[in-house]
Amino acid sequence: MKIGIDKIGFYTPNLYVDMNKLAVARDVEPEKFTIGIGQEKMAVPPLTQDSVTMAANAALEIIDEVDKEAIDFVIFGTETGIDHSKSAAVYVHHLLGLHPNARSIEVKHACYGATAAIQMAKGHIALNPESKVLVLGSDIARYGLNTAGESTQGAGAVALIISANPKIMTLEDKSTYLTSDIMDFWRPIYSDKAFVNGKFSNEQYIAFFNTVWDKFKEETDMDLNDFEAICYHLPYTKMGLKALRTILDDVPEDVQEKLKANYQASTQYNRNVGNIYTGSLYLSLLSLLEEKSEDLDSGSRIGLFSYGSGAVGEFFTGVLEPNYQEHLYKNHHDELFASRKEISVSEYEEIFEETLPADGSNIELDINEDPAPICLSGITDNMRQYVNKLR
Ligand code: CAA
């Protein structure tokens with residue numbers, strides 16, 4: 001039975017800061033951010049967007065009545081969840097009006113959460129072929145103002161429906177993975193900003209990629225010639241390129257050129273959003289499918305490298321289905337990007353410093369400024385209040 005990605009939705013908040021202007025404010029050459037890091041625009045979430053609302057907004061664009069009846073499992077991958085106990089998936093389940101006979105859980109391992117969710121979803125579909133699983137990857141990447149990590153912040157969510165006989169991409173069975181207890185990036189529960197050993201994290205990302213890629217080649221009869229593209233977890237768009245470059249010499253020049261061109265297509269959305277942690281790899285896949293000037297052929301194989309600091313890495317593959325283009329929401333995404341509003345560096349700094357009360361006090365937020373259908377409207381008695389403006 002074929003199991004894979006049936007639909008992909010995406011959401012990013014409506015505000016962004018220009019990386020050239022951030023570079024000037026930080027007294028670094030703009031090319032460091034736009035070329036050295038490879039980022040153009042950084043999404044800035046207002047207080048009315050959190051990991052729950054972003055995931056729900058991403059899912060809203062893809063879910064129809066048939067999906068609502070068939071989804072019996074919601075798996076929410078996040079490392080910026082809103083509660084230590086209740087899963088973010090339950091809030092989204094409610095906001096979307098899904099069928100009550102469903103499981104709803106949150107999974108965590110840094111940026112690897114959504115990949116873990118997809119693998120769990122595949123197992124569920126194998127046992128229950130009529131089911132559909134809603135997989136969510138949603139995060140706000142925060143390192144702090146004036147930190148080295150600042151240029152790699154971002155915010156957004158990806159929603160995927162995993163099903164039998166998928167319309168976009170069949171996920172193949174073979175997958176190679178690796179766990180090693182390292183401290184390259186982490187966020188203790190008392191901190192709303194991540195701690196990171198930046199250079200070490202870059203090295204480990206590449207080392208994990210090389211290990212799972214070599215293992216994949218060893219355990220299959222495939223090599224780089226079998227791939228039309230490789231999509232990477234993209235903390236910033238230069239990162240995946242550094243990993244890709246380590247294996248390009250394995251193939252002739254024309255194949256190298258094709259892989260490099262497809263890599264560029266796979267980074268367009270990420271370049272304009274920033275790091276979205278768990279959803280980042282799937283945003284890269286979406287970018288490849290929607291931003292490539294000529295459509296990829298059905299049957300094309302795409303490699304996927306997932307990396308979650310701490311660390312877990314995985315390499316797996318998917319094969320495109322016939323007419324996959326007809327099941328994408330490219331026009332929505334073009335509109336989403338076009339309707340964003342640029343804010344100045346000082347406005348971004350102000351928004352960054354605004355945080356929700358952590359002392360149990362109530363707050364009411366103005367959701368009229370936020371064009372998203374699903375927003376956080378406040379906190380009452382320690383409970384986040386969510387609104388779906390469309391209901
Ligand atoms: N023109 C062009 N390029 C320039 C330049 C200029 N004027 N000035 C500098 N550069 C280049 C540098 O040469 C460098 O390129 P290479 O890496 O190819 O050598 C690049 O810009 C970045 O410069 P630095 O290494 O000096 O940058 P930095 O030390 O200030 O910070 C960083 C970079 C370590 C990635 C930092 O942003 C960071 O810590 N980010 C968060 C951690 C992270 O994203 N790690 C990635 C792997 S971990 C992961 O993937 C999980 C996750 O999501 C967090």
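Apart from residues within four places in sequence, Ser 138 touches Ser 51, Met 54, Ala 55, Phe 76, Gly 77, Thr 78, Thr 80, Gly 156, Ala 157 and Thr 278. The model is predicted. Ser 138 belongs to strand β6, residues 132-141, and is buried because its relative accessible area is 0%, against a limit of 20%.

**Arg 384**
- Arg 384 is located in strand β17, which spans residues 383-388.
- Its relative accessibility is 24%, so Arg 384 counts as partly exposed.
- Beyond four places in sequence, the contacts of Arg 384 are Asp 50, Ile 82, Leu 356, Leu 376, Gly 378 and Ile 379.
- With Asp 50, Arg 384 also makes a side-chain to side-chain polar contact of 2.9 Å.
- Ile 374 is ten residues from Arg 384 in sequence, and their C-alpha atoms are 13 Å apart.

**The sheet with β17**
- Three strands make up an open sheet in the order β15-β16-β17, and their pairing is antiparallel.
- Strands β15 (363-364) and β17 are at the edges; each has a single partner strand, so one side of each lacks a neighbour in the sheet.
- Helix α3 (residues 51-60) packs on this sheet and touches β16 and β17, with its direction at about 155° to that of β16.
- Strand β16 (residues 374-380) and β17 run antiparallel and are joined by six bridges.
- Gly 378 has Gln 385 of β17 as its bridge partner.

**Aromatic pairs and cluster**
- There are 22 aromatic pairs in the structure.
- In one of them, Phe 227 and Phe 315 have ring centres 5.8 Å apart and planes at 65°, so this pair is edge-to-face.
- The two residues are 88 apart in the chain and link distant parts of it: Phe 227 is in the loop between α7 (198-219) and β11 (229-232), and Phe 315 is in strand β13 (residues 312-320).
- Both Phe 227 and Phe 315 are buried.
- Tyr 348 and Phe 352 form an edge-to-face aromatic pair, at 6.1 Å centre to centre and 70° between the planes.
- Helix α13 (residues 345-353) contains both Tyr 348 and Phe 352, which are four residues apart, about one turn of the helix.
- Tyr 348 and Phe 352 are both buried.
- One aromatic cluster is formed by Tyr 205, Phe 208, Phe 209, Tyr 232, Tyr 263, Phe 305 and Tyr 307.

**Charges over rings**
- Arg 142 places its charged end over the ring of Phe 352, 3.9 Å from the ring centre.
- Lys 86 has its charged end over the ring of Tyr 91, 4.3 Å from the centre.

Key: Residues numbered from 1 in each chain as written. Predicted model: local features only at pLDDT ≥ 70, side-chain atom pairs only at ≥ 80, totals over all residues. Heavy atoms only, no water. Buried < 20%, exposed > 50% of the residue type's maximum accessible area, 1.4 Å probe, protein only. Contact = heavy atoms within 4.5 Å. Polar contact = N/O pair within 3.5 Å; in protein donor to acceptor, adjacent residues only side chain to side chain. Pairing = 2+ DSSP bridges. Axes fitted to C-alpha atoms, helices over the stretch in contact; angles between N-to-C directions. Phe/Tyr/Trp six-rings, centres within 6.5 Å; stacked < 30°, edge-to-face > 60°. Lys NZ or Arg CZ within 6 Å of the ring centre and 35° of its normal.
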